[in-house]
Amino acid sequence: GPPGTGKTVTSACIVYHLARMGQGQVLVTAPSNVAVDHLAEKIHKTGLKVVRLCSKSREALGSSVEHLTLHHQVIHLDTADKSEFRKLQQLKMELGELSTQDEKKYRLLKRQTEREVLMAADVITTTCVGAGDPRLAGVRFTKVLVDECTQAAEPECLIPIVMGAKQLVLVGDHCQLGPVVMCKKA
């Protein structure tokens with residue numbers, strides 16, 4: 001349907017019910033960061049635990065869903081078993097860099113914390129290309145929703161699908177804009 005007809009709200013409702021089925025996490029993707037942010041916000045309002053995974057290059061940029069991002073949740077995770085990680089994080093912020101040994105330990109603890117946050121989520125949202133992020137390596141998503149899929153090129157849509165999809169929901173309007181391809185040869 002045309003813009004404003006409720007496709008995103010319907011997608012959030014579908015994701016809510018997929019997550020409540022209790023058979024693993026739901027991977028929600030879209031070709032653009034704006035679409036992913038919008039959908040993450042709508043899904044979060046349903047009460048589900050949402051993690052917005054963005055590329056490392058976007059972590060410094062603010063967004064309306066900053067509180068849902070993985071890096072924000074990792075930084076603000078306040079549990080007793082994360083005291084060493086918090087100390088190293090504080091030290092890194094104050095000094096700008098850590099010793100080689102501390103840096104190794106920091107990276108290991110950060111990866112572990114990221115994994116814990118990701119595994120605790122009901123829904124993980126990212127761009128289609130972001131679904132190939134190494135932080136999601138080894139994770140199987142049997143339920144995948146691709147929003148605005150008609151605005152993505154086919155190879156882009158395949159990335160989240162190959163993450164183990166058994167149930168796939170494709171949302172989009174084929175009468176709206178198609179994918180933007182910058183290559184003149186294509």
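Me: Why are α1 and α2 called oblique to each other?

Reply: In this predicted model, helix α1 (residues 7-20) and helix α2 (residues 33-44) pack at an angle of about 55 degrees, with their axes 9 Å apart. Angles under 35 degrees count as roughly parallel, over 145 as roughly antiparallel, 65 to 115 as roughly perpendicular and the rest as oblique. The angle of about 55 degrees belongs to the rest, and α1 and α2 are therefore oblique. Axes are lines fitted to C-alpha atoms, for helices over the stretch in contact, and angles run from 0 to 180 degrees between N-to-C directions.

Me: What makes the contact between α1 and α2, and how do its residues divide?

Reply: On α1 the residues are T8, V9, S11, A12 and V15, and on α2 they are H38, L39, K42 and I43; contact means heavy atoms within 4.5 Å. They divide into 5 nonpolar, 3 polar and 1 charged. Here Ala, Val, Leu, Ile, Met, Phe, Trp, Tyr, Cys and Pro count as nonpolar, Asp, Glu, Lys and Arg as charged, and the others, Gly among them, as polar.

Me: What makes α4 oblique to α5?

Reply: The axes of α4 and α5 come within 10 Å and cross at roughly 125 degrees. That angle makes α4 oblique to α5. The contact involves E84, F85, L88, Q89, L91 and K92 of α4, together with D102, E103, K105, Y106, L109, K110 and T113 of α5. These residues comprise 5 nonpolar, 2 polar and 6 charged.

Me: How do you know that C54 is buried?

Reply: Buried means under 20% relative accessible area, exposed over 50%, partly exposed in between (1.4 Å probe, protein chains only). C54 has a relative accessible area of 8%, so C54 is buried. C54 is found in the loop between β2 (50-52) and α3. In sequence C54 and T69 are 15 residues apart, and in space 7.1 Å apart, C-alpha to C-alpha.

Me: Why is E148 called buried, and what is its phi?

Reply: The relative accessible area of E148 is 17%, and E148 is therefore buried. Phi of E148 is near 50 degrees, a positive value in a residue other than glycine. Most residues other than glycine have a negative phi. E148 lies in the loop between β4 and α6 (154-161).

Me: What is the largest nonpolar core, and which elements supply it?

Reply: A nonpolar core is a set of buried Ala, Val, Leu, Ile, Met, Phe, Trp, Tyr and Cys residues joined through side-chain atoms within 4.5 Å. The largest has 25 residues, and those with the most contacts inside it are L27, L70, I124, L136 and F141. At least two residues of this core come from each of α3 (70-75), α4 (83-95), α5 (100-120) and β4 (143-146). α5 gives the most, with 4 residues.

Me: How many helices and strands does the protein have, and how are they defined?

Reply: The secondary structure comes to 6 helices and 5 strands. Helices (H or I, at least four residues) and strands (E, at least two) are DSSP runs, numbered from the N terminus. Buried residues make up 39% of the 186 residues.

Me: What conventions apply to the numbering and the values?

Reply: Residues are numbered from 1 along each chain as its sequence is written, and side-chain values use heavy atoms, with hydrogens and water left out. Local features need pLDDT of at least 70, side-chain atom pairs count only at pLDDT 80 or more, and totals for chains, interfaces and linings use all residues.
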